[in-house]
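Here is a briefing on the structure shown below.

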Amino acid sequence: MSDSNPTAPRSPAPNFRNWLSLAGAVLAVGSLFAFVFLVAIDTFSREGNPYLGILTYIVSPAFLIAGLTLVALGWWLRRRQLAAHPEGGEKRSLAIDLAQPRHRRFLVIFGSLSVVFLMLTAFGSYQTYRITESEAFCGKTCHTVMEPEFTRYHHGSHARVSCAECHIGSGASWYVKSKISGAYQVYSVLFKKYSTPIPTPIANLRPAQETCERCHWPEKFTGNLDRSYEHFLSDKKNTPYTVRLSLRVGGGQPGQGPFGGIHWHMNVANKVEYYASDPQRQTIPWVRMTSTSNGEVRVFRTKEFQGEPPADQIRVMDCMDCHNRPAHAYETANESVETAMALGKISTKLPKVKLVAVDALTQKYASVNEALEKIAAAMRAKYPDATDVGPSIATVQRIYQENFFPQMKADWRSYPSNIGHKDWPGCFRCHDNKHLTVDGHEKIKSSDCNACHSILAQGSGEELLKLAPQGAAFKHPGGEFDSDLLCSDCHNGAIQGK
Ligand code: HEC
Ligand code: HEC
Ligand code: HEC
Ligand code: HEC
Ligand code: HEC
Ligand code: HEC
């Protein structure tokens, strides 16, 4: 083409020679490159990540389109300009003549800058991808929404397992699902469409085989675990009361050690299915057990529930039905105060301090700041003469900050834990002696107090040194109670009766 010949028909090309189109072209090339690069990561990465999907399929195309729009806009403006001042177009000749050293230098510089630009784009998109995959992104980007899970997560045994490993994992179909739900989550955060607290359990969480069992071998034999639970009564002296249990976790596979115990549930040869009549799966009126080895099927029901549950609401029990808070568990007010007392961080010399601290934690507060002020005020008012109450107050405040999230209405009360049976029904949702076979004769076995654990020691001081290897009967510090009651009919993680 020759712009020096004014009589030649004008091609549209000169109209692209303007800064706007040039900037648009750089943007378009950069985002096209980023798009190709992200698609490659997306295809080859082990972990799925919904935010990567948003980046790849929404953000980078958006930039590409913006770039192309700029190119067109520049072209159009330039054309108008040239139509008004036709002589303006001729001064800007872009012919490249390799014989001229100046042009050669220009080409080298231009080429190197383009390579640097593309490398920066690649680096930038890779970094963005890394950020979206990190737990900081999940926890902090949607700050208020995920803050409770994020904070608790850092106090759990899975603090080194990324959110994506449990919530997204690998596998094509879950990947697509999580992309859709990830996009939905971003939308719901932007438009404040989420509910507080975020409802649990998550209806289509990936099955345990694809998450937990990638790291935990279900056949592993655990045997007995020795656990101590340190409590204090809510009396004036804050009497300590410790229960030391040997938990029969056992194993799920005969070849790996004596078969049986709590992890009997993990054996693939025993399929336990259940129907829960509430969304939080706290009431289980129907249980079906199928032995895959001999095909025997037994159905257990509570007296109140006769008939069959809706077939699409029957769930096969897996790890998450017991370990439902593996990564972000909220401590109960009781438990967190007792732990701090046992560690000496809340002074047990302050009379009735357990009652006072739990009471301060469980009032209704609109915000964290209000809570911190009122906790301090309430505790100071209770102990006007104590000079050393400061550290205890600071500890109670820290407990609040780490376990209570008023803006999301999230604390232990919204999120039941199914692992035991003291503060929530847990194992007693089934092992309560009230689930019977149709003929009414057979119960779910392993429902007596020594089936899952034996109490090695209980009480305080000297009493804890006398071990009972065969297992002692539980001496309930709260006195005798009707055997028809579940522990969680009275205990709820706060002071009893509150
Ligand atoms: C070890 C596995 C695991 C990890 C790691 C994990 N979660 Fe979860 N998460 C779960 C399970 C299981 C549930 C379902 C809880 C239930 O059914 O009660 C859940 C539930 C949730 C819920 C629903 C509300 C609730 O609290 O039950 C949110 C929100 C959530 N997780 C966010 C996160 C965030 C953010 C991270 C990373 C900071 C994370 N999770 C890390 C296993 C995990
Ligand atoms: C990416 C690997 C990984 C995944 C996925 C994973 N875990 Fe773990 N889990 C670990 C590691 C590592 C530990 C040991 C942590 C330690 O001892 O510090 C652990 C510890 C545990 C413990 C014992 C500690 C405790 O808190 O009592 C339980 C129970 C557990 N995991 C359950 C689960 C469940 C249930 C899931 C699925 C929802 C799951 N894990 C998914 C790696 C994983
Ligand atoms: C019937 C309920 C139940 C089921 C189902 C279950 N567990 Fe457990 N598991 C327990 C209990 C109870 C403990 C004892 C620890 C405790 O109380 O925190 C335990 C302990 C563990 C531990 C800790 C062992 C240790 O050495 O500290 C791991 C890891 C674990 N379970 C993983 C799993 C995985 C993975 C699955 C699914 C394949 C699973 N559990 C299924 C109830 C269950
Ligand atoms: C959804 C109902 C359900 C829940 C919840 C449940 N179990 Fe079970 N469990 C069963 C059934 C059904 C059996 C088989 C009973 C039978 O054979 O009569 C069983 C059997 C057992 C056994 C006996 C295993 C053996 O060696 O024969 C133990 C121990 C056990 N469960 C512990 C627990 C613990 C601990 C929890 C709570 C962390 C729990 N279970 C929660 C339904 C449940
Ligand atoms: C189906 C199995 C199962 C049965 C039956 C069972 N327990 Fe437990 N129990 C557990 C598990 C699992 C834990 C551990 C919970 C945890 O780690 O948080 C536990 C914990 C306890 C604790 C310590 C809790 C704490 O916070 O101090 C006591 C006390 C206890 N059980 C008493 C009993 C008594 C009394 C009975 C009989 C009425 C009974 N258990 C029947 C599974 C069972
Ligand atoms: C009738 C109501 C009731 C029932 C049912 C009940 N408790 Fe209690 N429990 C109490 C009272 C009241 C106290 C004394 C509370 C205090 O001094 O703070 C108490 C204290 C305790 C304590 C020590 C202090 C604490 O707050 O943890 C443990 C441990 C305990 N109970 C375990 C159990 C277990 C396990 C079961 C079920 C097997 C159970 N309780 C059933 C009312 C009950």
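**Iron sites and helices**

Histidine 453 is buried, with a relative accessible area of 14%. Buried means under 20% relative accessible area, exposed over 50%, and partly exposed in between, using a 1.4 Å probe and protein chains only. The model is predicted: local features need pLDDT of at least 70, side-chain atom pairs count only at pLDDT 80 or more, and totals for chains, interfaces and linings use all residues. Residues are numbered from 1 along each chain as its sequence is written, chains are lettered from A and ligands numbered from 1 in the order in which they are written, and side-chain values use heavy atoms, without hydrogens and water.

**Iron of ligand 5**
- His453 (NE2) and His421 (NE2) are the protein donors of this iron atom, 1.9 to 2.0 Å from it. Donors are N, O and S atoms within 2.8 Å of the metal (3.2 Å for Na, K and Ca); water is not among the atoms, so sites may look incomplete.
- Histidine 421 sits in the loop between helix H13 (390-403) and strand S7 (453-459), and histidine 453 in S7, so the pair ties together parts 32 residues apart in sequence.
- The site of the iron atom of ligand 5 is octahedral, with angles of 86 to 180° among its six donor atoms. Six donors count as octahedral if opposite donors are over 155 degrees apart and all others between 65 and 115.
- Histidine 421 is partly exposed, at a relative accessible area of 24%.

**Iron of ligand 6**
- His476 (NE2) and His491 (NE2) coordinate the iron atom of ligand 6 at 1.9 Å.
- This pair links distant parts of the chain, 15 residues apart: histidine 476 is in the loop between S7 and helix H14 (487-490), histidine 491 in the segment after H14.
- The six donor atoms around the iron atom of ligand 6 subtend angles of 87 to 179°, so the arrangement is octahedral.
- Histidine 476 is partly exposed, with a relative accessible area of 26%; histidine 491 is buried, at 14%.

**Iron of ligand 2**
- The protein donors of the iron atom of ligand 2 are His158 (NE2) and His216 (NE2), at 1.9 to 2.0 Å.
- Histidine 158 lies in the loop between helix H5 (143-153) and helix H6 (163-167), and histidine 216 in the loop between helix H8 (212-215) and strand S1 (221-232), so the pair ties together parts 58 residues apart in sequence.
- Angles of 87 to 179° among its six donor atoms make the site of the iron atom of ligand 2 octahedral.
- Histidine 216 is partly exposed, with a relative accessible area of 48%.

**Helix H10**
- Seven of the ten residues of helix H10 (residues 333-342) are buried, so H10 is largely enclosed by the rest of the structure.
- Among these buried residues are Asn334, Val337, Glu338 and Met341.
- Their cover includes S1, helix H11 (353-361) and H13.
- Glycine 344 follows H10 and has a positive phi, near 80°.

**Helix H1**
- The 26 residues of helix H1 (residues 19-44) should span 38 Å at 1.5 Å a residue; the end C-alpha atoms are 37 Å apart, which agrees. The expected span is 1.5 Å times one less than the number of residues.
- Asparagine 18 caps the N-terminal end of H1, with a side-chain oxygen 3.0 Å from the backbone nitrogen of leucine 20.

**Whole protein**
- The protein has 14 helices and seven strands. Helices (H or I, at least four residues) and strands (E, at least two) are DSSP runs, numbered from the N terminus.
- Buried residues make up 37% of the 498 residues.

Notes: Polar contact = N/O pair within 3.5 Å; in protein donor to acceptor, adjacent residues only side chain to side chain. Tetrahedral: all angles 85-135°; square planar, octahedral: opposite > 155°, others 65-115°. Contact = heavy atoms within 4.5 Å.
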